[in-house]
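Thanks for passing this model along for a look.

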Amino acid sequence: MSTQHTSISLQPIDPKEALSDLPSRVTTDRFTVAAEICMRARDDLARRGYKPDGEKQLRSFGFWEITTYMLPVTAQHLRRVLKAHPDLPQGTPEKTGGAKMFTLDEVNTIRDFLESEGQQGKGYRPYRPKDQPAKIVSVCNFKGGVSKTTTGAHLAMAAALDGYRVLVVDLDSQASMSTMFGVMAEDEGQTAYSILARHHAEHVARSMGIDDLTSDRLDDEIRDAARVTADDLIFGTHWPTIDILPAQLNLYWAEFQVPVWMQTHRSWQFWDALKSFLRDENLLSDYDIILIDTPPALGYLTINALSAADILLIPVGASFIEFDSTGRFFDMLYTTFVSIEDSMSRLNDAAPKFSWDAVQVILTRYDDAQQSELANVIQVYLDDFVAKHRQEFTALVGQAGERVSGIYEASHTDFNRDTYRRGRETFDRCYHEFKRILIGCWERDQIEAATQEGAA
Ligand SMILES: Nc1ncnc2c1ncn2[C@@H]1O[C@H](COP(=O)(O)OP(=O)(O)O)[C@@H](O)[C@H]1O
Ligand SMILES: [Mg+2]
């Protein structure tokens, strides 16, 4: 046959031949087989070193990076301080004769020292008013692939490098965030599913007039659910100041279970579960920032993230399709929260309305050469709803490799210094703009609290 020069699009397909290659019809059993095969392959790949969630270790930091990005001192000054205070961490060379390197814990020890001994008001430790709770930040958009997880992870890491304590909450059953931080929940019991179950259990007990959650008038299931605490769900990561409440595939069960629970308990305010948990378990004082990653859907988990949030970040690419879908996301947010507010006001005339400290659309994976016109138009339309800085597309995110997650985990020595500076700068700017909002929100809360105190 002379099909050599015909393009693939024009090559004829013979039905009989096509059938001869076709495997038999697929029944559900086949999926179990596929799952087993994937599990075996997964172990094999893990043995070959491909597993990203093996033992993760955070790299260490040298003088250049510490004094360029982490502490507002010159390298000479830092050297002088360390020399004068031999009890401070002195750094350890990674190879003989190499430059001295510091762990993040060691940088934080030096940070604390400078904060207490150094020039006052220099901001060695990042601002957080003493009496204000942590800010809860949710990264949402019902579109997948818009950089929710990447943006959230980079903000968490940038905040940790800056000296904040961060709790990351992974509400996506695909668990990319958990993988990035090297922590995997064993089952739904170690995920936010347990938070919803506990909140439901407390509601059930209350509706039966039972205060004691260990009472044997309650079902075992309810009693077990009510017993879950932060200790059961929060894990440390390879970042000393980032903890995570991880996800796992079964977390998705929440989307089926919540409506079942709601059928028998119509007045259960499921959307309050995460917020109550963070508050009741004292997490708002244990951490400075609580960063929630959400699945690409507006389900019960995402509604919890939205209702808990003080600050809402909505990543979106500067493309027509993504912008269009973000418009529909706002529309659904409106419908969803108005209907929740309505149902609350039916139960209680004085029910509070939802409000958020700040909402920011962040243009992500931005390519100035291709997208500036569209991005400018979006910026004009959305005005102060959209962040000024656009998170640029950078190969460093993908290139950083399997063992490290994103720019902050990769070492500048692995890249050309200029490429590194540019890639890092776009995420640093993103964080800086976010931090301004964070600090502004805390300041507003402080002033309002002082005014209320004055009035009382
Ligand atoms: N600024 C960026 N530059 C380059 N690639 C990016 C950037 N942000 C995200 N990505 C890539 O885009 C893909 C989707 O990002 P992800 O954060 O998983 O999106 P989502 O959580 O919204 O589904 C990932 O492969 C990620 O590495
Ligand atoms: Mg994601």
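1. **Ground rules.** Please bear in mind that this is a predicted model, in which local features need pLDDT of at least 70, side-chain atom pairs count only at pLDDT 80 or more, and totals for chains, interfaces and linings use all residues. Residues are numbered from 1 along each chain as its sequence is written, while chains are lettered from A and ligands numbered from 1 in the order in which they are written.

2. **Overall picture.** The protein has 18 helices and ten strands; these are DSSP runs numbered from the N terminus, with helices being H or I of at least four residues and strands being E of at least two. Its C-alpha trace spans about 80 × 75 × 50 Å along the principal axes. Of the 456 residues, 36% count as buried. Here a residue is buried if 20 or more other C-beta atoms lie within 10 Å of its own, exposed if 12 or fewer, and partly exposed in between, with C-beta atoms placed from the backbone. Taking contacts between residues at least 6 apart in sequence, 76% join residues at least 24 apart; a contact means that the C-beta atoms, placed from the backbone, lie within 7 Å.

3. **The seven-stranded sheet.** This open sheet has mixed pairing and the strand order β6-β7-β5-β8-β4-β9-β10, where two strands pair if DSSP finds at least two bridges between them. Why do β6 (235–236) and β10 (358–364) each have one side without a neighbour in the sheet? Both stand at the edges with a single partner strand, so one side of each is left open in that sense. Helix α14 (residues 300–308) packs on the sheet and touches β4 (135–139), β8 (289–293) and β9 (311–317), its direction making about 140° with that of β4. That angle lies between N-to-C directions on a scale from 0 to 180 degrees, using lines fitted to C-alpha atoms, for helices over the stretch in contact.

4. **Around β7.** Strand β7 (residues 242–245) runs antiparallel to β6, to which two bridges join it. In those pairings, Phe235 stands opposite Ile244, and Gly236 has Asp243 as its bridge partner. A hairpin of five residues links β6 to β7. With β5 (residues 166–170), β7 pairs in the parallel sense over four bridges, and there Leu245 is the bridge partner of Val169. Is β7 covered on one face or both? Both are covered: Ile242 and Ile244 are buried on one side, as are Asp243 and Leu245 on the other.

5. **The three-stranded sheet.** A second open sheet has the order β1-β3-β2 and antiparallel pairing. Its edge strands, β1 (61–62) and β2 (92–93), each pair on one side only. Two bridges connect β1 with β3 (residues 100–102), and Gly62 faces Met101 of β3.

6. **Ligand 1.** Which residues come nearest to ligand 1? Of the 16 around it, they are Ser147, Lys148, Thr149, Thr150 and Val397, where a residue is near if its C-beta atom, placed from the backbone, lies within 6 Å. Helices α6 (148–161) and α17 (395–399) each supply at least two residues of the shell, and α6 gives the largest share, three residues.

7. **Two domains.** An automatic or database domain assignment supplies the bounds: domain 1 covers 61–117 and domain 2 covers 135–189 + 233–438. Their C-alpha centres lie 32 Å apart. Seven residues from domain 1 and six residues from domain 2 make the contact. On the domain 1 side, α3 (63–70) and α5 (104–117) give two or more residues each, and α5 has the largest share with four residues.

8. **Two positive phi values.** Most residues other than glycine have a negative phi. Ser147, in the loop between β4 and α6, has a positive phi near 90°. Ser147 counts as buried because it has 22 C-beta neighbours inside 10 Å. Asn282 also has a positive phi, of about 65°, and lies in the loop between α12 (273–280) and α13 (283–286). Asn282 is exposed, with 11 other C-beta atoms within 10 Å.

Note on methods. Contact = placed C-beta atoms within 7 Å.
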